[in-house]
Amino acid sequence: MRPIEKGKNSKTFNQYQDAKGDLIVRLGNYCSYCERELPASLAVEHVQPKSLHPDLLLKWDNFLLACINCNSTKDDTDVQLENYLWPDKDNTFLAFVYSEGGRITVNDKLADRQKKCAQNILDLVGLQKRPRSDDLKKSDMRWMQRKEAWDKAVRSLKRLKEDDRKGFREQIAETTDSAGHWSIWMTVFKDDRDMLRRFIKTFRGTSEECFDKSGAPIPRKSGIV
Ligand SMILES: [Zn+2]
């Protein structure tokens with residue numbers, strides 16, 4: 001899950017939908033949870049549901065961007081913020097391991113409390129649903145799109161190793177920007193510091209404080225991870 005930098009916003013919104021433009025300008029067209037790039041179908045997501053917390057209906061601090069699948073799985077769950085990791089508060093890249101087929105698991109190296117919070121956010125938005133999950137809806141293609149992104153990243157890395165030119169590096173970074181799934185690209189290219197730096201810079205809103213100069217993830221100040 002990409003760690004993001006939403007920043008402050010002192011605007012007064014008359015309706016929450018009005019925040020979508022600012023969110024997209026700052027964070028790109030990506031679902032804050034599953035990382036898919038969805039220019040047309042992202043919604044302003046209320047971290048604490050608006051039905052249970054009407055006082056937070058128009059609060060910038062309570063907004064992220066989410067796709068229909070993450071949004072509907074999360075539904076109106078009344079979340080205790082401190083029991084979850086959040087992409088705008090934690091280094092959520094450090095918290096999860098992406099592997100072949102686009103699978104997501106909690107990083108085994110975390111402390112017990114961190115692991116619990118990491119698992120809670122995966123469960124909250126249903127990111128571990130796979131074809132054999134009982135509750136996987138036909139319309140939920142997140143697992144398949146992660147798999148496709150993984151395969152595409154592997155092919156790109158192979159091609160880059162065969163023909164390593166600066167222009168090709170630039171091109172990969174630019175095309176991944178419109179393909180989404182930043183965490184998968186970061187994982188597949190984990191040994192290529194130059195490409196890691198490019199992905200961190202190219203994807204709008206990625207939190208740079210979550211990475212050292214080599215592109216390796218580091219804990220986020222004031223986060224649980
Ligand atoms: Zn999503």
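Modeller: A word on classes before we start. Ala, Val, Leu, Ile, Met, Phe, Trp, Tyr, Cys and Pro count as nonpolar; Asp, Glu, Lys and Arg count as charged; the others, Gly among them, count as polar. This is a predicted model, where local features need pLDDT of at least 70 and side-chain atom pairs count only at pLDDT 80 or more, while totals for chains, interfaces and linings use all residues. Residues are numbered from 1 along each chain as its sequence is written, and side-chain values use heavy atoms, with hydrogens and water left out.

Colleague: What does the lining of the largest pocket hold, by class?

Modeller: Nine charged, two polar and two nonpolar residues. The lining has 13 residues, and K6, G7, K8, D88 and K89 lie nearest the centre.

Colleague: What makes a set of points a pocket?

Modeller: The grid is 1 Å, over the protein atoms alone. A pocket is an open set with protein on both sides within 12 Å along at least five of seven lines; a cavity is a set where a 1.4 Å probe fits but cannot get out. Lining residues have an atom within 4 Å of a point.

Colleague: How much space lies in the largest pocket?

Modeller: About 290 Å³. That volume is the space filled by probe spheres set on the points, which are joined across faces, edges and corners. The second largest pocket has about 230 Å³.

Colleague: Which class leads in the lining of the second largest pocket?

Modeller: Nonpolar, with nine residues, against four polar and one charged. Its lining has 14 residues, with F93, F96, T187, K190 and P217 nearest the centre. β3 gives the largest share, three residues. Strands here are DSSP runs of E, at least two residues; helices are runs of H or I, at least four; both are numbered from the N terminus.

Colleague: How do you know which atoms are the protein donors of the zinc ion?

Modeller: A donor is an N, O or S atom within 2.8 Å of the metal (3.2 Å for Na, K and Ca); water is not among the atoms, so sites may look incomplete. The SG atoms of C31, C34, C67 and C70 lie 2.3 Å from the zinc ion, so they qualify. C31 sits in the loop between α1 and β1 and C67 in the loop between β2 and α2, so the pair ties together parts 36 residues apart in sequence.

Colleague: Why is the site of the zinc ion called tetrahedral?

Modeller: Four donors count as tetrahedral if all angles lie between 85 and 135 degrees; four count as square planar and six as octahedral if opposite donors are over 155 degrees apart and all others between 65 and 115; anything else is irregular. The angles here are 104 to 117°, so the site is tetrahedral.

Colleague: Why does C31 count as buried?

Modeller: Buried means under 20% relative accessible area, exposed over 50%, partly exposed in between (1.4 Å probe, protein chains only). C31 has 2%, so it is buried. C67, at 1%, is buried too.

Colleague: What makes D88 and K6 a salt bridge?

Modeller: The rule is a side-chain nitrogen of Lys or Arg within 4 Å of a carboxyl oxygen of Asp or Glu. D88 and K6 come to 3.5 Å, N to O, so the pair passes. D88 lies between α2 and α3 and K6 before α1, so the bridge ties together parts 82 residues apart in sequence. Both residues are buried.

Colleague: Where do E162 and K158 lie?

Modeller: In helix α5, four residues apart, about one turn of the helix. E162 has 58% relative accessible area, so it is exposed.
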